[in-house]
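Hi,

Here is the structure I promised to pass on to you. Please have a look at it, and then read my notes below.

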Amino acid sequence: MADGAHKHRVAIIGGGFGGLAAIEGLKGSDVDITIVDRRNHHLFQPLLYQVATTSLSPSEIAWPIRMLVKHRPEVTTVLGNVIGIDKAAQLIELDDGARIPFDSLIIATGARHGYFGHDDWEPFAPGLKTLEDATAMRRRLLVAFETAERETDPDKRRTLLTFAIIGAGPTGVELAGAVIELARITLRNEFRSIHPEQARVILIEAGPRVLASFRESLSVYARTALERLGVEVHLGQAVTEVTADTVTYGDQVLHANTIIWAAGVQASPAARWLGAEADRAGRIKVNPDLTVPGSPNIYAIGDTVSVPGLNGKPVPGIGDAAKQGGKHAARAIRARRAGLPVPAFRYRHLGDIATIGRSAAVIDFGSVQLTGWVGWWAWGLAHIYFLIGLKNRVSVALSWMWIYLSGHRSARLITWGEAGSDKQP
Ligand SMILES: Cc1cc2nc3c(=O)[nH]c(=O)nc-3n(C[C@H](O)[C@H](O)[C@H](O)COP(=O)(O)OP(=O)(O)OC[C@H]3O[C@@H](n4cnc5c(N)ncnc54)[C@H](O)[C@@H]3O)c2cc1C
């Protein structure tokens, strides 16, 4: 045994993109690995908006972590909610009182949406991060149309058919395109009192352009494509108030029954668990090699850290950065155990990608940029490639093909919160 009576124990908190990449990177390294996650599944978050907008079902974009590591006997999966880390005793603390020992630790607990100090807005303007968020958003969207169908007051009906999306990054843009297509294409002709295609979708952004992380020409393209679909894009106006059915931005008060938050992120509380320095979004300020300052055996990766990348620009909170961080942490653990120096993390940005409805996308791979349906197919192929399992790849490809050809979305189910509830809209 490498370390006394037991093999070197690597604990990983979080089975997202970063955590799974670390497990992959540790293959064959003669360590025992424990992966702890409070959910039993790995979630492909880039396609969450498609669950929220009825294109895909939850099981098409999520997989049990236990199943993903079943051929790795050295990996133990624990379903548990981490609430602390005892650095001195090298223990992870779970909320049920259990303790998990480690020799090396990788923290990959991600982030949630953040409300810039206005947490009271969350119940009115929920964000999208988990499968529960997505199915709740799907319910809100579909119930708005159902309620509007029975509403006789024209003002209330207008409010029910107004959908506000706050934040025009990739998630906001993708949601806006999908919601307008749901209204204008999928639901058309299905209602008798309302015309779903008259629904308004308003995308509100504080900055001067949509998709601010993309080059300007692609932002302009995306805005035009959204407007062509019927989305109203309001730029340069920060939201100052959100209530159950209003959004205030600039000098406007918009009445909207469904308000979606796609504007900010807040890191997991891992910095607090460690007593580590964090940035304004709560991300741990890690060392260049991704270790937590003062703890050479603790790595933190992905959305829960802040680390400078190329040209001093922070590494973005995207899936590929988390994966690269996971691979780096695995390499670093191997190197340290072999007595070799651990190099700094070098992030390589492969590109930016976002879709606008079912037939346009913008792709920025530096020297290559794609837009329109060519971009959409490239986006679609890339996402299908990154899904796990042949069945899901085939099923998602067929769903997209069907939506593309017919406009119909197969996951248009309103599911209520609790088993046994027999509520009606
Ligand atoms: C709606 C949406 C769309 C996105 N679209 C894109 C995209 O198109 N392209 C792209 O590259 N990126 C996209 N991203 C970002 C990308 O998904 C994240 O950057 C990536 O998931 C970060 O990986 P991670 O491993 O750091 O965290 P995550 O993948 O979020 O994983 C964190 C894991 O930690 C677990 N966890 C958290 N807290 C605890 C705890 N206390 N105890 C136990 N377990 C815990 C969670 O359950 C989760 O499984 C999107 C994100 C969202 C929300």
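The shell around the ligand divides into 13 polar, eight nonpolar and five charged residues. Please keep in mind that this is a predicted model.

Which residues of that shell come nearest to the ligand? Of the 26 residues around the ligand, they are Gly18, Asp37, Gln45, Asp303 and Gly319. Two helices each supply at least two residues of the shell: helix H1 (17–25) and helix H9 (319–337).

- Gly18 places a backbone N or O atom 2.8 Å from an oxygen atom of the ligand.
- Gln45 uses its side chain, with a polar atom 2.9 Å from a ligand oxygen.
- Gly317 has a backbone N or O atom 3.2 Å from an oxygen atom of the ligand.

As for how much of the ligand is covered, the protein buries 89% of the 990 Å² that the ligand exposes when taken alone.

There is also something to see on the surface. Trp373, Val374, Trp377, Met401, Tyr404 and Leu405 form a nonpolar patch there, and together they have about 630 Å² of accessible area. Helix H10 (372–386) and helix H11 (390–406) are the elements that give two or more residues to this patch.

Best wishes

Key. Residues numbered from 1 in each chain as written. Predicted model: local features only at pLDDT ≥ 70, side-chain atom pairs only at ≥ 80, totals over all residues. Heavy atoms only, no water. Near = heavy atom within 4 Å. Polar contact = N/O pair within 3.5 Å; in protein donor to acceptor, adjacent residues only side chain to side chain. Areas by Shrake-Rupley, 256 points an atom, 1.4 Å probe, with all protein chains shown as cover. Helix = DSSP H or I, 4+ residues; strand = E, 2+ residues; numbered from the N terminus. Nonpolar A, V, L, I, M, F, W, Y, C, P; charged D, E, K, R; others polar. Patch = residues over 30% accessible without salt bridge, like charges linked within 9 Å, V, L, I, M, F, W, Y side chains within 5 Å. Salt bridge = Lys/Arg side-chain N within 4 Å of Asp/Glu carboxyl O.
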